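Here is a short walk through one structure. Keep the 3D view open and follow along.

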Amino acid sequence: MKIQGIIHQQICQFKWHLLACFGLIMVLPIEEALVNFKDGLGFRCGSMVLVSIMFSPLLAGLIACANVQGDMDQKLYIFWRSKPAGIKLLVSLKFFVGLTASLIIMTCPLIFWLLSGNIIDTNSDILYSIPLSALLSIMTYSLCFGCNVLIRSTARAWLVGMLLAGFCLILPFILPLNYRDFVSDVIFGSRVYYPVIMLIISAAAFVFALFAAQYDWHLKTNLKGLLWVAGGLVFVLLMLFSSQVANIKVLQELEIEPFMLGRNDLDYAGDKVIFQEHNYVDIDNNKISFSNIDSNPDDIAVPITRPEGLEEYHTRDYPGRDKLIKVVGDNLYSFSILAYFSRERIDREGKPPLNRDIYEHAYLRSYKYTVNRWIPICEIDISECLTDHSYSQIALRLIDNKIIAIINNSFVLIDATNPEELKRLDTKLDVLKRPMGYIQERRKEFSIPLVPVEGIDIEDRIKLSIDLNYQYEGIDERSIVDIHDEKISFFLASYYDDIRRFDVTGWDSENIYCKLSTARPFTILEHMSSVYLGRVFVKNGKLYFSSKNTLLVFDIRSGDKIRKLGHFIRMDYSIQDIAVLDDDNILLCMRWDRNLSNYDSSEKNFLCLLKNPG
Amino acid sequence: MTEPAIKIEGLHFSYGKKHVLKGVDLEVPKGSIFGFIGRNGTGKTTTIKTMLGLQKPSSGKCIVGGFDSFTQTLEIRKRIGFMAEDQQMYGWMKVGRIIKWVAGFYPDWDYKFSAELAEILRLPMNVKVKALSKGQNSSLALLLALGHRPDIVILDDPTLGLDPIARKDFLRHVIDLLQSNSVTVFFSSHLLYEIEPVADYIAILDNGVIIKAGKTEELREKIRRFILKPKPDADFGRLASVLDILKLADNISLAIEDCDESKKAEIKTMSSNGYQETALNLDEIFEAYVIGNRGDLHRA
């Protein structure tokens, strides 16, 4: 078989289609260049090249269909098949000739762009889309080629090919398949899974086309049938989408009256939840009600006053809005770190002046709830922790009757058995190591520094160390660590990517050793939610992930995999705070705000009681 | 005994639930012109496609030129010339280009012979295929089937769609080009009168099975028609080899296969005034086999 004859025939056969596609892909860049030229900016183009390249996968599919359509007519098919040609070789030739031609055409706008000389202005993220588009074009080309060998009708094959391409790209992100984790492990990096998917699908479509031609597979279709199939696919996709949306049952949604507006936060107080600092949230028969926090009017605490000499300082407190609450008998106490700082003005030559806050004093305070007020009753000076007078990182955790107050790399351990009489147990300055960032390395064991605090249980120390490493602020009421059956695991969520479980494999006096156990990729819908990454925490064997308007609940204890239990989403709402109640139901503080214009405020606040799934 | 050019044994083929071939057995002697006849839709093209290895049968065996159709497809295609019914080719190619293109598939393409053929068939080399007349299109397809000087030529209803003059012209070329070169020709058609003058052998395919095969002359000799006035007590059901009984006013027309003297004597006993014996042409033989009334006197 003379290959050059086949290639010649191939190119002659679809040259008009190639020229048409060339015209389509070049029309926008040329138009942009002409407009620029007319406007006196010179003959140059820019963004339209990228738009053209984005469209190239559609054109690649068309080229693929045109490439084989000339040979797939039933009678022509018999004509060339009855010749002594190796079918697989012939189809391979056609495939690669068409693919090369389509890639050349896709490159034309880039050459035009290079010649116009302004490629340097473009940022690297946009340039990254060029090879991705090329890969996508290879995938659509291969799928349409395979479909046309099977269906033998240009329009139908293109339609089916494009549907398949869409399905292949979307389906893995709708279904929580763990294959992406596998792929990532194979290629040692999580950012290249799209190219891997596309290359695998392209190769599969090509192999399929070879076998379809070899064994004369022919799928007879009619337009009505295809539309039904397309409709069916869209229906399946919608079903898969809908199964992920709002499948957590709302038990009650209560609009909060205007007089209750203010601090929409939920705080844990033993087995109860306090709303807006002054009301218990009572759940009875799935109905929300509020009750005042009782306090004995006769038991009036004597408030402490601001230490002398600090009148001129500004103050900042932590945890601020959320409260770290301890229940002792009938009394409620809360704790916070209060820092005093002065503001220094730094003049800069030729530039606006800068303000710098210099922290000089810090106190751990306890408060008692008395007659509808939180009254400061005791404090311990922990100013020595401000070794560099900055206040960049701060954390507070109550473990049994001990409080660990952390400022930067130092901490103070305080006995809070009697919150009205705090006792310092230990102080360690500059002993905490710099926390490590989000783990990129997915295969090797890695270590996390163990907080050198003594006098607390090792499991609590590990929990504190991990939370401190990855969360820092916010560890007063949340944890990402799950301890179950003597197994310690923790969970991290990354932007756009997945939720990963890491197992603690061991520890020594300085480090905790961990290893990636499994990852559960976000689906496409979850991707959209995770853009506004909010809270991630673990409670009672479930992982809660909240973003701006979405709450996801995962089961983390049954089996090795992270299994999604529920998904709650409300458009135009934002989740202010979350509390998992004692009866396992979930309470959300939400704000509805469609305030598109500054003059028409339409904010509403809700408490939402959700049935915890699973 | 020489090996047959084509040998088919127990060939079965189905399109889904529809059984098209139900056990075809066939032998095509080397150097013969073999007429393969049957009504439309009886499985002629399916049999040919299977011979070429274009489709896989459900069961059975097919040997073409000594090669197995299913395992040695390329070897077969190198050695045969095939012309499909209503052959379509790349319309955008010029005649000269398509000849070159097809020649590329054959290592033994005879360029001199194909040039001679083009001249004999009066093919314009610089005209696009889509601009050719039906007759020229058939001639081109014939050239492409013969250019590599195949041992076996398979023609599947090659004159389909041609007008009578073009058909005669085409057949004349086929006979001129092939008869003298000891090429085996497998000629499938439903037009019996175009096969009759050229075919050495005949096979009749009906409902997926070969119902009669043999030398054309033998068929003509052994299948006879008798016209007679039957006695009132004549029992034609006793005759074993009746192919067709027709009632013609007071007379009866009987088509009998494997006709010999004893059968003639038996027929004479059923007649009141003797009989008139005639030979059948291929068209009538085909009709007798395919739609003949076998011994139902009431129908007759």
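The paragraphs below go from the nonpolar cores to a sheet and the helix beside it.

Bear in mind that this model is predicted. Begin with the largest nonpolar core, which has 121 residues. Which residues have the most contacts inside it? They are Ile98(B) and Leu140(B). The largest share of this core comes from chain A: helix 4, residues 87-116, supplies 13 residues.

Now look around Ile98(B). Another core lies apart from the largest one and has 31 residues. Among them are Ile248(A), Leu551(A), Val553(A) and Leu565(A).

Next comes the sheet. In chain A, four strands form an open sheet in the order 11-12-13-14. Their pairing is antiparallel. Strands of a sheet pair through backbone hydrogen bonds. Which strands stand at the edges? They are strand 11 (394-399) and strand 14 (423-428) of chain A. Each has a single partner strand, so one side of each is left without a neighbour in the sheet. On average, neighbouring strands of this sheet are turned by 15° against each other, direction ignored.

Strand 11 of chain A is joined by six bridges to strand 12 of chain A, residues 402-407. These two run antiparallel. Here Ile399(A) stands opposite Lys402(A) in strand 12 of chain A.

Finally, find helix 10 of chain A, residues 458-470, which packs on the sheet. Helix 10 touches strand 11 and strand 12 of chain A. The direction of helix 10 makes about 160° with that of strand 11 of chain A.

How values were computed: Residues are numbered from 1 along each chain as its sequence is written. Chains are lettered from A and ligands numbered from 1 in the order in which they are written. This is a predicted model: local features need pLDDT of at least 70, side-chain atom pairs count only at pLDDT 80 or more; totals for chains, interfaces and linings use all residues. Side-chain values use heavy atoms; hydrogens and water are left out. A nonpolar core is a set of buried Ala, Val, Leu, Ile, Met, Phe, Trp, Tyr and Cys residues joined through side-chain atoms within 4.5 Å. Buried means under 20% relative accessible area, exposed over 50%, partly exposed in between (1.4 Å probe, protein chains only). Two strands pair if DSSP finds at least two bridges between them. Axes are lines fitted to C-alpha atoms, for helices over the stretch in contact, and angles run from 0 to 180 degrees between N-to-C directions. Contact means heavy atoms within 4.5 Å.
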